[in-house]
Amino acid sequence: MSEKDREVATRVVRVSAASGAYDVHVGAGILGRVGAVARAAAGGGRCCVITETNVGPLYAEGVEASLASAGYHVADRLVFPAGEEHKTLETLGTLLEGLAERELTRDDVVVALGGGVTGDMGGLAAALYLRGCPVVQVPTSLLAMVDSSVGGKTAVDLAAGKNLVGAFWQPAAVVADVRCLRTVPREQLSDSVGEVVKHAVLADPAMLEELTREPVADGTLDDARLVGVVARNVEIKRDVVNADERESGLRQTLNLGHTIGHAIEAASDFSLGHGSCVAAGLCIVARACARAGWCSAETAARIEAAVRAQGLPTGTELGADELMGFVAHDKKRHDDAVNLVVPEALGSAVVRRVPLADLRSLIERDLVGRPS
């Protein structure tokens, strides 16, 4: 075994949401355990792997072999075109019809194999099919590992905005194999670190400093360090989800950077990566909050330094009016105001109800990032 492939201890993080508890398994070279994990967590006799055209050829066969070895009858896999542009009601309908054609029952298992789009699509299909069947999330991107596979939020996009149709549906288990990141393009890996930076700002200033010194996407992190980064991010999200599964209070802080980030993402017609958009939104809000006196200039500067170290954007060339057109359709809007997550300090964030007109004025001067 090469040093690169040496054995790394698997970390197991227990999530205890109000609607159900489950384990998140984070390790290196653990895709072969998917079947055993699914069997222990979900049972059932049949399963169906939902994946997309990029990930399927890489990992679906191995995952299906693992499922078969655990005693599952593996139905033909369901594959949809890769990309956020396919996270639609039309694709969802095709997946639901596919599950019905394969005669899965409520006791059988959906396995969502892929990045965040697949996790959303597979999770929502499982939530809706027969009013709910178990789903095992097998994230293959860093973004999905640290964020979207944990917490039970599933959704598809509408023309009006991102993730506007969805459901809360907790997985039966999550299996995150960091060696899948070896097949992720460098720019996509870098993009995913936007959510890692967000978690560090919310709950772990020491991790933020580590990210600034040792960027995740520079190719130098070994399996053990990646397992540690992913597991720590899962722990941060776990603590929030355990306290507030349905996003009525504390969980809203996980939307740090998302109000403006989602607007940038939608305005670009989803041509920009989600993590990059969140990173830009985080920096824009941090600069604006520093100018408004809601956080210190040092806090904003340290956030921006961490984002820049990952090679992510710290601002946007889009105008305030264009962005506010998408913010108006944000899920966090309430009447003529929006819930904006404010980084009061590193490790502390609060939610402020900000009128839309005030938000426009707040961000207008801080859209473009400072030069490095």
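Is Ser271 buried or exposed? Ser271 is exposed, at a relative accessible area of 59%; here buried means under 20% relative accessible area, exposed over 50%, and partly exposed in between, with a 1.4 Å probe and protein chains only. Before going further, note that this is a predicted model, in which local features need pLDDT of at least 70 and side-chain atom pairs count only at pLDDT 80 or more, while totals for chains, interfaces and linings use all residues. Residues are numbered from 1 along each chain as its sequence is written, and side-chain values use heavy atoms, with hydrogens and water left out.

## The loop between α9 and α10

Ser271 sits in the loop between α9 and α10. Helices (H or I, at least four residues) and strands (E, at least two) are DSSP runs, numbered from the N terminus. A polar atom of the Ser271 side chain lies 2.7 Å from the backbone oxygen of Ser268. Between Ser271 and Asp330 there are 19 Å in space, C-alpha to C-alpha, and the two are 59 residues apart in sequence.

Asp269 is found in that loop between α9 and α10 too, and is exposed, with a relative accessible area of 63%. Its backbone deserves a look: phi of Asp269 is near 55°, a positive value in a residue other than glycine. Most residues other than glycine have a negative phi. Arg131 also has a positive phi, near 65°. Arg131 belongs to the loop between α4 (116–128) and β7 (135–139) and is exposed, with a relative accessible area of 76%.

Helix α9 (residues 258–267) meets helix α12 (residues 320–327), their axes coming within 8 Å and crossing at roughly 105°. Axes are lines fitted to C-alpha atoms, for helices over the stretch in contact, and angles run from 0 to 180 degrees between N-to-C directions. The two helices α9 and α12 are therefore roughly perpendicular, a label for angles of 65 to 115 degrees (under 35 is roughly parallel, over 145 roughly antiparallel, and the rest oblique).

On the α9 side, Thr259, Ile260, Ala263, Ile264, Ala266 and Ala267 touch Glu322, Leu323, Phe326 and Val327 of α12, where contact means heavy atoms within 4.5 Å. The residues of this contact of α9 with α12 comprise eight nonpolar, one polar and one charged. In this scheme Ala, Val, Leu, Ile, Met, Phe, Trp, Tyr, Cys and Pro count as nonpolar, Asp, Glu, Lys and Arg as charged, and the others, Gly among them, as polar.

What angle do the axes of α10 and α13 make? They cross at roughly 95° and come within 8 Å, so α10 and α13 are roughly perpendicular to each other. Ile284, Ala288, Arg291 and Ala292 of α10 make the contact with Ser361, Leu362 and Ile363 of α13. By class, the contact of α10 with α13 has five nonpolar, one polar and one charged residues.

Ala290 also lies in helix α10 (residues 274–292). Its C-alpha is 6.5 Å from that of Ala300, ten residues apart in sequence. Leaving aside neighbours within four places in sequence, Ala290 is in contact with Cys295, Ser296, Ala297 and Ala300.

## Salt bridges and a buried glutamate

The structure holds 26 salt bridges, each a side-chain nitrogen of Lys or Arg within 4 Å of a carboxyl oxygen of Asp or Glu.

| Pair | Closest N to O |
|---|---|
| Arg11 and Glu235 | 3.2 Å |
| Glu209 and Arg302 | 2.8 Å |

Arg11 is partly exposed, at 33% relative accessible area.

Glu209 in helix α7 (residues 205–213) and Arg302 in helix α11 tie together parts that are 93 residues apart in sequence. Glu209 is partly exposed, at 29%, and Arg302 is partly exposed, at 30%.

Glu364 and Arg360 are four residues apart in helix α13 (residues 356–364), so about one helical turn separates them. Glu364 is partly exposed, at 42%, and Arg360 is partly exposed, at 25%. Elsewhere, Glu84, Lys87, Asp120, Asp157, Lys162 and Glu265 are linked in a network of salt bridges.

Glu304, in helix α11 (residues 297–309), is buried, with a relative accessible area of 2%. The Glu304 side chain makes a polar contact with the side chain of Arg287, at 3.1 Å. A polar contact is a pair of N or O atoms within 3.5 Å; within protein, one must be able to donate a hydrogen and the other to accept it, and residues adjacent in sequence count only if both atoms are side-chain atoms.
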